Amino acid sequence: MRALLRVHRTQIGIATRGYARATRLQRSVPAAAAPGQEPPAEAVHLRIHERFYAGAAALREHFDKRFANPLEARADRFCWDFWHVENQYTLLRTPADRFFPRVQYEALEDALLEFGERQLGCRGMSPAWVACYVDGCRQELHTDAPHGPWAFVLSLTPAQRAFAGGDTLLMQPHVLNYWPSFDPSAGLEMKHLVTAVEPAFNRLIVFDPRLPHGVRAVEGTRDPRRARLVVTGWFTEPTPFFTGALAEGAAAQALGEATRPLSEELAELPPCAGTVVVRLRVSGATGGVEALEWLTDTLVPLPAAEYSAADARGEVFAAIQRRLGGARFPPCAEGDSEVTVPLVFE
Ligand SMILES: O=C(O)CCC(=O)C(=O)O
Ligand SMILES: [Fe+2]
């Protein structure tokens, strides 16, 4: 057994935040996860969801109408900020809530919020941008670490692409920890260092904005109607929430009793940074946790002399599994519940 020497700045995001009852999600409780589901072997920093939004074509139509005739000086064409930071960002952008009609924007925001809550344990999102990339527009590598645990990019780019470039570029995690796996016999090229995701229409990309990322320069069209068009923002406020039969106060108290010792235990484990979201399936009959479902995991071990990266993650996940898997909620005759718990390590 290794000695657990290091104390680090682990913080469980639940200590300071309110509990949320996600009533509107109750109808969509998914099938039970397998009991004792194994923790993820590796962090996942990028998720891609095709055909994300049922209203994507209507958003596109709104854009197309506004820019249909370049000879028409409609007031609502005058909306873009040409955002240029030398050698860093060049694009057209405008706040999405002012660009789209209110009802359309709110429906999009609802879909994103529901996704964020259900899939990422995030209850909020930043105000979204609409961004348009004509010839020469790009974003050079950067990170958006403070903005929230996940960035999103929803593409409204025409399916028939009239330009080259425009991919979202995300540095592969191994590049940030290069030397342990360095192989002097192998050369590496762009595709080995960076993951490129094309802006396919209605594709939602969700990624860990701590990883250096950017947008490959668009080449080939100066027409906004044929350009790369995306809605972007960040999911924020990782907060526990529950669905099902449990009463809010009882759930909060029981969860607190499990997370307090977990927090203390994690503070003694090797330092890690990232967000782990786990969903507990709670039996109404017994109040016990029947299954843990690992929703997301961007946990990266920080260098610690006495731990390998795999050991560090293993210890952390074992502690979470033990403490949260052993949580006891009050039995509840009305049925089962789900408790979604984001754990923020910083
Ligand atoms: O549009 C993209 O693919 C990425 C956007 C981005 O990284 C940003 O706006 O900070
Ligand atoms: Fe970014």
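The C-alpha centres of domain 1 and domain 2 lie 31 Å apart in this predicted model. Domain 1 comprises residues 20–40 + 240–345, and domain 2 comprises residues 50–237; such bounds come from an automatic or database domain assignment. Across the boundary, 11 residues of domain 1 are in contact with 9 residues of domain 2 (contact: C-beta atoms, placed from the backbone, within 7 Å). On the domain 1 side, strand 15 (272–282), strand 16 (289–297) and strand 18 (337–345) each supply at least two of the touching residues. That side has 7 nonpolar, 4 polar and no charged residues. Here Ala, Val, Leu, Ile, Met, Phe, Trp, Tyr, Cys and Pro count as nonpolar, Asp, Glu, Lys and Arg as charged, and the others, Gly among them, as polar.

Residues are numbered from 1 along each chain as its sequence is written, while chains are lettered from A and ligands numbered from 1 in the order in which they are written. In this predicted model, local features need pLDDT of at least 70 and side-chain atom pairs count only at pLDDT 80 or more, whereas totals for chains, interfaces and linings use all residues.

The protein contains 6 helices and 18 strands. These are DSSP runs, numbered from the N terminus (helices: H or I, at least four residues; strands: E, at least two). Of its 346 residues, 37% are buried (20 or more other C-beta atoms within 10 Å of the residue's own, with C-beta atoms placed from the backbone). Of the contacts between residues at least 6 apart in sequence, 87% join residues at least 24 apart.

The largest nonpolar core has 75 residues. Such a core is a set of buried Ala, Val, Leu, Ile, Met, Phe, Trp, Tyr and Cys residues joined through C-beta atoms within 7 Å. Tyr133, Trp150, Phe152, Leu280 and Leu324 touch the most other members. Strand 15 gives the largest share, 6 residues. Domain 1 and domain 2 each contribute at least three residues to this core. Beyond four places in sequence, Tyr133 touches Leu91, Gly166, Val215, Val218, Ala227 and Arg228.

Ligand 1 is surrounded by Gln139, Asp144, Val153, Thr168, His213, Val215, Val230 and Thr232 (C-beta atom, placed from the backbone, within 6 Å). This shell has 3 nonpolar, 4 polar and 1 charged residues.

An unreviewed UniProt entry places the feature "domain: Fe2OG dioxygenase" at residues 123–237. Over residues 123–237 the chain is 3% helix and 38% strand, and the end C-alpha atoms are 5 Å apart.

Technical notes
Buried ≥ 20, exposed ≤ 12 C-beta atoms within 10 Å, placed from the backbone. Contact = placed C-beta atoms within 7 Å. UniProt positions renumbered as here; feature names shortened; annotations may be inferred.
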